[in-house]
Amino acid sequence: MIGKTAWPANVLFRFLTIGGATVDIAPQPTTALPDRYAAVCGGCEASYTNPTGMSHNVKSWAQAHSETCRALPRPTT
Ligand SMILES: [Zn+2]
């Protein structure tokens, strides 16, 4: 096993924050927006969504957020 936790199956990209949490990018479709993607920080729960597919903006947000977020992830058992 590589890493501390297994990736959820739908996570496409994962960024490690300086606080030790992760920012995960995964599809987050809704009925109105079936091609929506979201980046969600596991430390502070900040998120960024793009309504029309995987975009450079989603990855840029995840990269930038991972470099500044010092929130710690909730411990898991
Ligand atoms: Zn965060």
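A nonpolar core is a set of buried Ala, Val, Leu, Ile, Met, Phe, Trp, Tyr and Cys residues joined through side-chain atoms within 4.5 Å; buried means under 20% relative accessible area, with exposed over 50% and partly exposed in between (1.4 Å probe, protein chains only). The model is predicted, with local features needing pLDDT of at least 70, side-chain atom pairs counting only at pLDDT 80 or more, and totals for chains, interfaces and linings using all residues. Residues are numbered from 1 along each chain as its sequence is written, and side-chain values use heavy atoms, without hydrogens and water.

**View A. The largest nonpolar core.** Nine residues make up this core: F15, V23, I25, A39, C41, V58, W61, A62 and C69. Two or more residues come from each of β2, β3 and α1 (helices, H or I, of at least four residues and strands, E, of at least two are DSSP runs, numbered from the N terminus). The most, three residues, come from α1.

**View B. The open sheet.** Four strands lie in the order β1-β2-β3-β4 with antiparallel pairing (two strands pair if DSSP finds at least two bridges between them). At the edges, β1 (13–16) and β4 (47–50) each pair on one side only.

**View C. The β2 and β3 pair.** Five bridges join β2 (residues 22–27) and β3 (residues 37–41) in the antiparallel sense. A39 in β3 is the bridge partner of I25.

**View D. Surroundings of I25.** Leaving aside neighbours within four places in sequence, I25 is in contact (heavy atoms within 4.5 Å) with residues including F15, A39, M54, V58 and A62. Of these, F15, A39, V58 and A62 belong with I25 to the largest nonpolar core.
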